[in-house]
Amino acid sequence: MIIDFGLGTFVDDESYIYYRCGTAGFVSPEVMSSSKTQKIGPESDVFSVGSVFHYLLTSKPLFEGKTT
């Protein structure tokens, strides 16, 4: 499965129920360093799609680290 909308929400909501979610190797850096008050835009979704495609094309993760 590539996409799971189980934690999906609308961008223009007042606050997010889950403000930091996703697989650590595929989420954008601003999601990992965000707070409850910071708004995350659709650009972070584009980053995640790009990191998935990078993994599919090269079979290597985008980030080689062992921690988030």
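Buried residues, defined by under 20% relative accessible area with a 1.4 Å probe and protein chains only, make up 12% of the 68 residues in the protein chain. The model is predicted: local features need pLDDT of at least 70, side-chain atom pairs count only at pLDDT 80 or more, and totals for chains, interfaces and linings use all residues. Residues are numbered from 1 along each chain as its sequence is written, and side-chain values use heavy atoms, without hydrogens or water.

The protein chain holds 2 helices and 0 strands. Both element types are DSSP runs numbered from the N terminus (helices H or I, at least four residues; strands E, at least two). Contacts (heavy atoms within 4.5 Å) were counted at a separation of 6 or more; residues 24 or more positions apart account for 31% of them.

Ser28 lies in the segment before helix H1 (29-32). Its relative accessibility is 0%, so Ser28 counts as buried. Beyond its neighbours within four places in sequence, Ser28 contacts Ser44, Phe47 and Ser48.

The protein chain exposes about 5800 Å², of which carbon and sulfur atoms supply 61%. Areas follow the Shrake-Rupley method with a 1.4 Å probe; for residues, only the protein chains shown count as cover. Phe53 is found in helix H2 (residues 43-58). With Val49, Tyr55 and Leu56, Phe53 forms a nonpolar surface patch of about 400 Å² accessible area together.

Ser59 lies in the segment after H2. Its phi is near 60 degrees, a positive value in a residue other than glycine. Most residues other than glycine have a negative phi. Ser59 is exposed, at 58% relative accessible area; the cut-off for exposed is over 50%.

Key:
Patch = residues over 30% accessible without salt bridge, like charges linked within 9 Å, V, L, I, M, F, W, Y side chains within 5 Å. Salt bridge = Lys/Arg side-chain N within 4 Å of Asp/Glu carboxyl O.
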